[in-house]
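Let's take a friendly walk through a protein model. Have the sequence at hand as you read.

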Amino acid sequence: MSGTLIAIVGGFLGAGKTTLLLKAAALLHARGLRVAVITNDQGGELVDTRMAAASGLDAEEVTGGCFCCRFSDFVSAAGRLLDFRPDVIFAEPVGSCTDLSATILQPLKAYERGRFELAPFTVLVDPARAKELLGPAGDPDMAFLFKHQIAEADLLCFTKADRHSEFPSLGRPARRLSAHTGEGIGEWLDSVLGGSLPAGGRIVEVDYGRYALAEAALGWLNWHAEIGLRRAEQPAALVGPLLEQVDEALTRAGIPIAHLKVFDRARTGYIKAGICSNGEEPWVDGDLLAGPARRHDLVLNLRARGAPEALQAMVEQAIGAVPGTVRVLHRQAFRPGAPVPEHRFSSVSPPAGG
Ligand SMILES: Nc1nc2c(ncn2[C@@H]2O[C@H](COP(=O)(O)OP(=O)(O)OP(=O)(O)O)[C@@H](O)[C@H]2O)c(=O)[nH]1
Ligand SMILES: [Mg+2]
């Protein structure tokens with residue numbers, strides 16, 4: 001590779017983007033390459049950015065809107081990362097975002113030629129989510145976002161292959177990966193780095209009115225607090241019951257979870273735990289055995305198909321049951337606003353190196 005390669009990895013909420021990127025970064029590091037990450041969200045205070053930093057990666061955030069509406073912020077973030085001389089910058093768009101080829105990949109090829117190289121646009125697909133959303137009972141708003149994401153991918157990959165044996169048809173070839181076992185990641189990286197596949201080779205038509213309605217069907221909660229426990233607890237002992245209570249409250253209210261994730265840091269260590277559907281067994285990253293501590297710095301990101309006020313009330317009720325003090329540092333409960341792209345190309349730009 002001659003310049004810094006930008007590799008955008010999209011996919012629906014909870015598809016496994018961050019988990020794959022962190023695993024891939026470790027593999028690239030072992031190959032002697034430097035990797036940085038750009039995370040993205042409609043709001044601030046992101047579990048994903050904390051995970052990237054906890055993994056030792058140089059990380060930048062684009063907040064306040066999806067990449068598709070924040071091209072300048074995206075380019076500024078990538079520019080700042082150049083100070084660290086990365087070989088690869090992984091960029092993870094917010095999971096409800098689509099039309100990235102027209103609004104990010106084409107403008108990058110057209111305006112940032114020479115500064116960055118561009119990898120094929122990978123879109124990740126959770127097999128269970130595909131089965132749900134592509135089936136007859138799939139939520140039409142979520143299915144709209146999901147299908148557009150699939151249609152614009154240069155490279156489609158099923159994730160969580162360790163957990164699934166059924167892979168629904170996406171109408172296009174898709175590889176299989178597991179960030180937990182490492183299956184398929186080396187081959188995927190070879191394709192991302194190889195330069196033989198088109199980058200931003202497809203553009204799909206998107207009805208922006210419909211896109212806005214689909215995104216606004218989701219409720220968003222980004223929440224950050226400092227918790228002072230009366231009695232020292234392990235991060236796992238704080239986060240486990242909290243996730244369970246929020247999950248139960250959402251389920252009782254009939255609110256489907258798209259992704260609920262929590263990052264907790266104490267002086268003894270950190271853990272991150274999350275679920276992508278109601279009643280799912282949480283997966284925990286970090287130090288499950290981190291020792292007890294009284295002060296905890298807790299970030300919670302919840303995306304679910306319900307009213308933001310209801311999400312906030314359920315989370316705060318669950319936190320309220322924790323014995324100790326809670327100092328809220330950040331709280332954003334909202335529905336994503338209508339996407340308004342800075343640039344939108346209607347045809348494919350020539351390759352960045354062309
Ligand atoms: N079994 C299994 N679970 C996985 C795998 N990859 C990710 N997960 C789990 O799926 C959940 C979501 O993973 P993330 O990497 O946070 O997904 P994401 O696409 O970044 O989610 P958002 O940023 O919220 O859109 C986490 O609980 C992961 O542990 C995998 O290869 N196998
Ligand atoms: Mg993520």
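The report below goes from the domains to a helix and then to some strands.

## About the model

This is a predicted model, in which local features need pLDDT of at least 70, side-chain atom pairs count only at pLDDT 80 or more, and totals for chains, interfaces and linings use all residues. Residues are numbered from 1 along each chain as its sequence is written, while chains are lettered from A and ligands numbered from 1 in the order in which they are written.

To the contact, domain 1 gives 13 residues and domain 2 gives 18 (contact: C-beta atoms, placed from the backbone, within 7 Å).

## Helix 9

Helices (H or I, at least four residues) and strands (E, at least two) are DSSP runs, numbered from the N terminus. Helix 9 covers residues 235-252. Its buried residues include L238, L242 and V246 (buried: 20 or more other C-beta atoms, placed from the backbone, within 10 Å of its own). Seen down the axis, the buried residues fall within an arc of 145°, so they line one face of helix 9 (the arc is that of the directions from the axis to the C-beta atoms). Among the elements covering them are strand 9 and helix 10.

## Strand 9 and its partners

Strand 9 (residues 219-233) runs antiparallel to strand 13 (residues 293-304), with eleven bridges joining them (strands pair if DSSP finds at least two bridges). Here L221 stands opposite L302. Strand 9 is also joined to strand 14 (residues 324-334), again antiparallel, by ten bridges, and W220 stands opposite F334.

Conventions. Expected span 1.5 Å × (residues − 1). Buried ≥ 20, exposed ≤ 12 C-beta atoms within 10 Å, placed from the backbone. Contact = placed C-beta atoms within 7 Å.
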